[in-house]
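Please keep the sequence and the 3D view open while reading.

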Amino acid sequence: MKRVQQRSAGDTTAIKFRRHTIRALAVLAAGIGVGYGLLLLVYLLPTAPMQAHLSASAAVLSGEREYHRVIPGVVSTQLDNYTDSWMMGNAVYDSPRSVWKRALACTSADFGGGPLDGLVRYLGGEQGYREVDYTRYWHGYLVLLKPFFLLFDYADLRVFNVLFQLLLVFLIFRSISKMGYEGEAWSYVLSILFMMPVVIPLSIQFSVIFYLTNISVLILLKAYDWIADKNGMLLYFQLIGMCASYFDLLTYPLASLGVPLVCVLVIEADRDSWTKVKNIICLSVSWGFGYGAMWAGKWILSTVVLRDSVIANALSQILLRASHTQNGAPITVLDTWLRNVEFYFEKPFMILTALCMAAFLAGILKSRSQLADVCIDIIPFLLVAVMPFVWYALAGQHSYEHHWFTFRGLVVTVFACMCICARLYRDTDTGYFQRGSRKRKGGVS
């Protein structure tokens with residue numbers, strides 16, 4: 001009888017796995033098709049109005065140059081106008097190729113002096129440039145950037161970013177608070193402070209993952225029950241990974257996994273730690289599949305349509321970014337970790353960190369009678385908290401060279417650790433880590 005039951009359970013698991021695999025592949029195929037279709041549509045838009053609006057922004061970029069620091073001497077406030085110029089150059093370039101190829105090639109004008117110089121001179125009507133393709137990324141940001149520049153300029157974009165990003169933070173804070181997790185809501189706000197938020201709205205490059213991460217969190221908070229009832233949590237995280245691959249240029253994409261994962265742990269606080277760990281692993285694998293497979297889809301599609309060696313180029317770049325050498329000199333994993341954490345050694349962050357540590361120690365003291373429960377319950381949060389360090393180890397060269405923006409991936413670590421701190425202040429009379437106002441359903445399935 002036991003063997004029959006075990007066989008039946010195994011068959012059910014296999015059926016569920018096949019069903020989910022089919023759904024995951026269908027979502028991936030649909031994502032690749034929709035992603036390409038959206039790029040085709042925006043590449044049909046006229047570039048003349050975009051060029052006219054961006055011409056007014058040339059002075060802004062020329063005045064700041066490539067790596068302007070909002071606060072002089074503070075590296076964590078450094079902008080990436082180099083990449084922003086290149087992204088805008090992709091948006092406004094008028095290529096004579098067919099739209100099928102333009103949407104995949106992502107071409108810009110190069111005068112030999114870098115993307116900022118190239119953008120300014122191209123907008124000024126100069127000739128003598130050469131076309132440069134950048135095929136290994138999807139460049140999904142163009143789906144939003146091209147229509148925006150039909151009506152607005154770069155300065156307008158920065159203002160809108162300030163407004164919308166502040167609004168997003170407020171909405172998420174309010175949503176977490178209304179669910180009965182006020183401590184965790186303040187933990188979220190603190191984690192945003194550790195990202196140097198004054199800089200993010202001023203850069204397209206930095207804003208992409210910020211939007212994706214926070215919009216994903218807001219949807220998760222508002223529609224968790226519906227997603228769980230539909231057994232769609234794995235697919236939801238796969239979609240987040242696909243969007244990260246589609247829109248981002250390898251800035252701090254792990255934030256789009258880690259921050260929603262912490263929110264899932266907060267919402268599912270009544271589950272046992274082992275179940276939470278299994279959910280973290282499953283959701284992370286699903287996100288990773290979406291991220292990697294969506295990216296690979298771009299390489300395959302570009303190779304077929306453009307007849308170019310995109311796959312070989314992409315793989316060579318991955319090997320470079322994952323290496324542990326910088327300018328021919330070896331770098332260790334510890335070097336990369338310290339280079340990303342060093343921004344928090346600045347005095348303002350050290351004071352903020354000290355205050356957080358004091359709150360954590362006070363929470364431990366308050367919950368000292370239930371330290372065994374504390375140690376067990378923090379395991380899932382700690383698992384998420386170390387994810388940025390694993391990412392830095394895997395993407396060693398990239399994380400070392402671009403530490404001045406990859407450090408923002410540590411928002412995951414700060415959020416996870418501060419949620420641990422917040423939960424230490426739960427009412428211990430009714431049980432450690434008691435839930436918020438509503439019983440949550442579902443989970444990973």
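Helices (H or I, at least four residues) and strands (E, at least two) are DSSP runs, numbered from the N terminus. With that naming, E342 sits in the loop between α15 (333–341) and α16 (347–366). The model is predicted, so local features need pLDDT of at least 70 and side-chain atom pairs count only at pLDDT 80 or more, while totals for chains, interfaces and linings use all residues. Residues are numbered from 1 along each chain as its sequence is written, and side-chain values use heavy atoms, with hydrogens and water left out.

**Salt bridges**

- A salt bridge is a side-chain nitrogen of Lys or Arg within 4 Å of a carboxyl oxygen of Asp or Glu. By this rule the model has 10 salt bridges.
- Side chains of opposite charge can pair when their charged atoms come close.
- One of the salt bridges joins E64 and R158, with 2.9 Å from N to O. This pair links distant parts of the chain, since E64 belongs to helix α3 (residues 58–64) and R158 to helix α8 (residues 154–178), 94 residues apart.
- E64 and R158 are both buried. Buried means under 20% relative accessible area, exposed means over 50%, and partly exposed is in between (1.4 Å probe, protein chains only).
- Another salt bridge is formed by D133 and R97, whose closest N and O atoms are 2.7 Å apart. Here too the pair links distant parts of the chain: D133 is in strand β2 (residues 130–133) and R97 is in the loop between α4 (81–92) and α5 (99–105), 36 residues apart.
- D133 has a relative accessible area of 34%, so it is classed as partly exposed. R97 is partly exposed because its relative accessibility is 26%.
- R271 and E268 also meet in a salt bridge through their side chains, at 3.4 Å from N to O. R271 is partly exposed, at 26% relative accessible area, whereas E268 is buried, at 4% relative accessibility.
- D117, R121 and E126 are linked by salt bridges into a network.

**Buried charges without a salt bridge**

- D80 is located in the loop between α3 and α4. R408 is located in the loop between α20 (403–406) and α21 (411–423).
- D80 is buried and has no salt bridge; its nearest side chain of opposite charge is R408, 8.8 Å away. R408 is likewise buried without a salt bridge, and its nearest side chain of opposite charge is D80.
- For these charges, Lys and Arg count as positive and Asp and Glu as negative, while His and the chain ends are not counted.
- The side chain of D80 makes a polar contact of 3.3 Å with the side chain of Q205. A polar contact is a pair of N or O atoms within 3.5 Å; within protein, one must be able to donate a hydrogen and the other to accept it, and residues adjacent in sequence count only if both atoms are side-chain atoms.
- The side chain of R408 reaches the backbone oxygen of S76 at 3.2 Å.
- Leaving out residues up to four places away in sequence, D80 touches E66, Y67, S203, Q205, F206, W404 and F405. Contact means heavy atoms within 4.5 Å.
- With the same exclusion of residues up to four places away in sequence, R408 touches S76, M195, M196, V199, I200, F206 and Y252.

- β1 and β2 run antiparallel and are joined by 4 bridges, and T107 stands opposite D133 in β2. Two strands pair if DSSP finds at least two bridges between them.
- Helix α18 (residues 387–394) has M387, P388, W391 and Y392 as its buried residues. They lie on the same side of α18 because they cover an arc of only 140° around the axis. The arc is that of the directions from the helix axis to the C-beta atoms.

**Loop residues**

- E342 is partly exposed, at 34% relative accessibility. E342 and E66 are 276 residues apart in sequence and 22 Å apart in space, C-alpha to C-alpha.
- N231 is not a glycine, yet its phi is positive, near 55°. N231 lies in the loop between α10 (204–229) and α11 (233–247) and is partly exposed, at 36% relative accessibility.
- R307, also not a glycine, has a positive phi of about 55°. R307 is in the loop between α13 (273–306) and α14 (310–321) and is exposed, with a relative accessible area of 73%.
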